[in-house]
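Hi,

Here is the structure I said I would pass on. Have a look at it first, and then read my notes below.

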Amino acid sequence: MSSELDMSQYIDLFLQEAEEQLEILETETLALENDPSQDRMQIIFRAAHTLKGSSRAMGFSRFAELTHEMENVLDQLRNDALEISTEITDRLLACVDTLSQMVEQIGQGNGDNVECGVLVKQLQDVLAGAGIKVEAEVGASAPVETASPEPQEAPKAEAKTEEGFPSKLPEELHEALTAAAEEGNVYHAKFRLEAECVMKFVRAFMAISVIQESGELLACVPSQEELEEEQFETEFELVFQSDNDFEELKTKLSQISEVESAWVTPWATPSGESAPAEAVVEAPEAEEAKPEPVAKAAPAPAPAAAANNANAARKADTGQTVRVDVARLDNLMNLVGELVIDRTRIAQIGNELATNFTESSVENLTEIVGHIARITSDLQDQIMKARMLPIETVFNRFPRVVRDLANKLGKDVKLELIGGDTELDRSVIEVIGDPLLHILRNSIDHGIEMPNERTAAGKSTQGLVQVAAKHEENHIVIEIRDDGKGIDPERVKKKAVEQGLISEEAAAKVSDKEALQFIFHSGLSTAAEVSEVSGRGVGMDIVRSNIQRLGGIIDLESTVGQGSRTILRLPLTLAIIRGLLVNVEKNVFVLPLGSVVETLLVQSEDIQTINRKEVVVIRGCTTPLFRLGELFGQGMENPEQPADEHYVVIVGLAEQRLGLIVDRLIGEQEVVIKSMSRFCGDVPGISGATILGDGNVALILDVNGVIKSERAA
Amino acid sequence: MSEEILEIQSEEVQEDRQTVVFRLADESYGIDIFRVNEIIRLREITPVPRTDQHIRGLVNLRGKTIPVVDLHVRFGSIEASETENSRIIVVESDNGNVGVIVDAVTEVMTLHGDQIEETPALATDESNEFVKGVAKHGEQLITLLDLDKALAA
């Protein structure tokens, strides 16, 4: 059995846990201001406590020191010895920021090398200010505490004379262990973890690492592998040799967080009577048969029970989930992509065979092909779902930003997040955060008025910003709405004229809705003054190009005095898209269905020209036309198509619509996006390639790029 | 041919080099076998608009798309005429795998350092810049391509 455990192996585990706990800390601390309930305090306290425990085990002393101070403050809050205030919240949030930085540094292999002395001092001042004395930490790396500073952990070690649970050590080991015991101090430790302990292995590992500080692990049940895979309930046993002081060992082992009880005895064959010299260390919680220390600290039993329930629910959740490396999911996705391509090819060959032959084997083939098609679709669906994350992961960043921004600007803003459980592919999640944040900042900075202005306008002083996500067919629709002052189209026009985006005469003809589109031009900002937050006029154009790169559509509505509404329509995934296949000369192009609005057959005489550009009027809307053949073809005539009829695909490009003339419509199909080889460079108008059912390569059009390059030309 | 250059050349090519020899128009060319991933038959090429003319387009290589380059165009002559013997040599480049259309792949040849000479001075046309050297194999002259230059944009 290998007894050497390398810390670096567990860094990832630590980081994962830390990120989760920090997120809890941040969200709950933010919520604390509005709802300082015992329940919430408890959750925050536990998060800080868990962080302290695991960082200590990993030897990150600064991290542990800071969390320890946070824990002290939180404990006083929890016990009502301290009143929650904006100042305290600010400091706690600053701690969370620093801890996040540490996590980042640790992730980069730099250790917890972030200065936190000031914060530690501030937290201590908070307590000193309230006249609360907390014993100084003896030293994070050597947690030998005679009287533990944490009240909740106070009578940490307590001698008991029972043996704990029956040993499961295999008998064939007994002899060897007894032999080892004759040569040195061999101890037998039994641990029982709290029922809702989330990362059981980490706790076991912490115990093992304590042992390895001063001795050698001889045996463990279940095996180290099983421990690593968390294949155990709550109990595990370790037999080890150690030259360390017995009492000290007991203390250290019993201090591992989320360990309900720990029994340490000198080695004795478990089948016999328990040795008289046996000493048992037990965490006090176990004695009361309440696995949650909450119950002791919380004056009211009700919230504690609630917390227990919540924890139980969480345990049930974690029991059925597995963490999977994203790269693996991406790989799976690629493989399924290949499968989808082959499925389409087999189906095509099947069809060809079916038209040429009538044997029953061909019929069988068709049937099997149908079955395979169904299975691959399901498989694809399932893997897509596995890659889905709730948009909450993006939303979670918002409350903090809104709070900080509103405070800085002196505005009163309420943020409402709706539909956080709406799921979408992580590839999309990764990229929508920043655009959303930008729009949100705009809403608060430009949209929501100062409280006195709001009162003057007859509104409540508190502004409302709402972010709502929902599924709509194969898309996700995110709406950011505020009840601020709205965008004045006249001012936008004036700005646009000033910036030379449009002539004064043209501006006069522009409708209000069209005027708003100038917001998306670079260099245009209607903010009277440039603030630190926004107003530099870089932004909305970047937002738009980001959204377009995702194949999304962005729309903006605003009513002066009542507020603005930004609507984003995004595909659920970036890996596979539904596309409309069209023919241009002899080549096939794929138009992402997300940007296709409709398809039409247009008569030649209906095509008019304005300024030598072709347009067609659809239901009263003048829509510019582009001939794909001219843009992308080799200038060949299409003999199949009568010259007086044209297939037109109307596409939505962000806020505008335009028509693309193609030679023929082929149909809808799911296509797997393959990135273009770097060798070809950045091809304007082409976003990628895909492989069709017949094995040929088709290019995927980037509608935005087509238009851009056309305008530039 | 100066002695000095010959020396440098032979230093570079101390060991015998396995070279893939192919035909382009009426000439024989060679590329180091270590750069060659595989040789495939000509297949449907999807043209990519708005790219350099020598990039013929994309082909499907077992579910991946790779760009294909026409060296005829690169060397300043007309496009390759495709025949039964035409092949695509898939080579590694700094920008991933790239296919090179050739009229035929003739053989894999072992070239010794002393067989390789500097490019004849009279070859001053455009294609010269892509040439590393010329190998003599019996009566046959094989132009050794500088693949990186030939594939660079």
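What follows is a run through the two chains, their interface and a few single residues.

First, the ground rules. This is a predicted model, so local features need pLDDT of at least 70 and side-chain atom pairs count only at pLDDT 80 or more, while totals for chains, interfaces and linings use all residues. Residues are numbered from 1 along each chain as its sequence is written, chains are lettered from A and ligands numbered from 1 in the order in which they are written, and side-chain values use heavy atoms, with hydrogens and water left out.

Chain A

Chain A comes out with 24 helices and 24 strands (DSSP runs numbered from the N terminus: H or I of at least four residues for helices, E of at least two for strands). Of its 713 residues, 48% are buried (under 20% relative accessible area with a 1.4 Å probe, protein chains only; exposed is over 50%, and partly exposed is in between). Taking contacts (heavy atoms within 4.5 Å) in chain A between residues at least 6 apart in sequence, 70% link residues at least 24 apart.

Two residues there are worth a click. D425(A) belongs to strand β9 of chain A, residues 423-425, and has 0% relative accessibility, so it counts as buried. Leaving out residues up to four places away in sequence, D425(A) touches M384(A), R387(A), M388(A), L572(A) and T573(A). R549(A), by contrast, is exposed, at a relative accessible area of 64%. You will find R549(A) in helix α22 of chain A, residues 540-549.

The interface

On the chain B side, 23 residues are in contact with 24 residues of chain A. Between them the two chains bury about 2,000 Å², with 62% of that on carbon and sulfur atoms (accessible area, 1.4 Å probe, lost on putting the two parts together and summed over both). In chain B, β4 (55-61), β5 (64-70) and β7 (96-102) each supply at least two residues of the side that touches chain A. That side of chain B splits into 10 nonpolar, eight polar and five charged residues (Ala, Val, Leu, Ile, Met, Phe, Trp, Tyr, Cys and Pro are nonpolar; Asp, Glu, Lys and Arg are charged; the others, Gly among them, are polar).

How many salt bridges cross the interface of chain B and chain A? Zero, by the rule used (a Lys or Arg side-chain nitrogen within 4 Å of an Asp or Glu carboxyl oxygen).

The sheet in chain B

Chain B has an open, mixed sheet of six strands, ordered β8-β1-β2-β11-β10-β9 (strands pair if DSSP finds at least two bridges between them). At the edges are β8 (104-111) and β9 (116-117) of chain B, each with a single partner strand, so one side of each has no neighbour in the sheet. β9(B) runs antiparallel to β10 (residues 131-137) of chain B, joined by two bridges; there I116(B) has A135(B) as its bridge partner.

β10(B) and β11(B) are antiparallel too, over six bridges, with V134(B) partnered by T143(B). Their hairpin has two residues between the strands, and G138(B) in it takes a positive phi near 65°. On the parallel side of things, β2 (residues 27-32) and β11 (residues 140-145) of chain B pair over three bridges, and S28(B) stands opposite I142(B).

Cheers
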